[in-house]
Amino acid sequence: MEQQSFEAARLTIRLGAMVQNYRTIQRLAAPAAVAGVVKADGYGTGAEAATRALAAAGCDTFFVARLEEGIRIRPLVPAARIFVLDGAQVDSIPALIAHNLTPVLNSLVEIAAWSAAAATARTSFDAAIHVDTGMSRLGLTGDELATLAGEANTRLAHLRIVLVMSHLACADSASSPMNAIQLERFREALAMLPAAPASFASTGGILLGKDYVFDLVRPGIGLYGGNPHSGPNPFEVVAKLTGRIVQLRRAEAGDTVGYGASCTLTRPSLLATVSLGYGDGLLRAFSNRGYGAVGSHKVPMAGRVSMDLTSFDVTDVAHNIDLGDEIEFFGDTITMEEAAEVAGTANYEILTGVAPRVPRYYEGATA
């Protein structure tokens, strides 16, 4: 049977741009070391491809969220440090050890479990300590920190603390007073614990300035071209989501478009139906609000996003469009941040939400 070449949609990943963003972060954070955060399948770009590209650029430290993510990339970077943010749950400890993964310990319970495993193995294990400075999510509470500080010699006896970290709650807002509050809390925590390299900043924290970078930074969205701040984006576009036009049709003023007849045309229009919908991760919140791009021209969505299809009013670019052409959902003309604003969400969700059924197409020397 003949191989079909039609590709309904694609997420194009520019690995060269990803590497350039890594270099930009190195300059912004110098002299701090720069890790690569490749959780959530490399923010939707493909964890393997992202890991290979960053490793080729010299990155030797990676962060993942899930144990399975660490196991997945370990063969690609056998000598690299891989930190697992989920920590050391009791049933994950054998796999952490087997795959040489370093847990980020989030509680005294986890510290005890990881230490006991090291004692059983009659060795010392590397570990990172996560201190909660204002997220009320993962990390040692203030009481746990005080307990650990007072009993560090015994509780950490079998552990090599290779990193102490925390996480900013409001790094996307440079004017938030929470940033300075957390910075002071983190400094106080570091003073209470045995000396170790410190990590505080993801991409947003890096852009707050040198006070936040410490010894190691953990960029995520910036590597993939996203901007967590409202100002100019210092990063290159990495990801471009496009869908193919599978039908062009003429419609009249008064005709309705899509489920629920939620869009009524106000003029004779040319409609383009594109092969990408919420089954591909396109948010239904874009319905009647979002835009696509034909070249450098934005065209409005018409009607609701459906499971496999989205319609656009391409009347104003009718002279420059044909069946089979691509329409961009985000990328060079429509930024992830613009798309996120329309949908009432964050650029993180726009990128990580692209479904696995959308093929990833890689560009760049390390593809």
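Trainee: With which residue does Asp 332 form a salt bridge, and how far apart are the closest N and O atoms?

Mentor: A salt bridge here is a side-chain nitrogen of Lys or Arg within 4 Å of a carboxyl oxygen of Asp or Glu. By that criterion Asp 332 is paired with Arg 14, and their closest N and O atoms are separated by 2.8 Å.

Trainee: What kind of model is this, and which atoms do the side-chain values use?

Mentor: This is a predicted model, in which local features need pLDDT of at least 70 and side-chain atom pairs count only at pLDDT 80 or more, while totals for chains, interfaces and linings use all residues.

Trainee: Is Asp 332 buried, partly exposed or exposed, and what is its relative accessible area?

Mentor: Buried means under 20% relative accessible area, exposed means over 50%, and partly exposed lies in between (1.4 Å probe, protein chains only). Asp 332 therefore counts as partly exposed, with a value of 43%.

Trainee: How many residues apart in sequence are the parts tied together by Arg 267 and Asp 316?

Mentor: The side chains of Arg 267 and Asp 316 meet in a salt bridge of 3.1 Å, N to O. Arg 267 lies in the loop between strands E13 (263-264) and E14 (269-274), whereas Asp 316 lies in the loop between strands E17 (310-313) and E18; these elements are DSSP runs numbered from the N terminus, helices (H or I) having at least four residues and strands (E) at least two. The pair therefore ties together parts whose separation in sequence is 49 residues.

Trainee: Which residues have the most contacts inside the largest nonpolar core?

Mentor: A nonpolar core is a set of buried Ala, Val, Leu, Ile, Met, Phe, Trp, Tyr and Cys residues joined through side-chain atoms within 4.5 Å. The largest such core has 113 residues, and those with the most contacts inside it are Phe 63 and Ile 129.

Trainee: Which helix gives the most to this core?

Mentor: In soluble globular proteins, nonpolar side chains tend to be buried together. In this chain the greatest contribution to the core, seven residues, comes from the helix spanning residues 15-29, namely H1.

Trainee: Which elements do the buried residues of H3 pack against?

Mentor: The buried residues of helix H3 (residues 47-56) are Ala 47, Ala 49, Ala 50, Thr 51, Ala 53 and Leu 54. Taking contact as heavy atoms within 4.5 Å, these residues pack against helices H1, H2 (39-43) and H4 (67-73), together with strands E3 (36-37), E4 (61-64) and E19 (360-363).

Trainee: What share of the residues in the chain is buried?

Mentor: The chain contains 12 helices and 19 strands, and its C-alpha atoms fill a box of roughly 75 × 55 × 40 Å along the principal axes. Of its 367 residues, the buried share is 50%.

Technical notes:
Residues are numbered from 1 along each chain as its sequence is written. Side-chain values use heavy atoms; hydrogens and water are left out.
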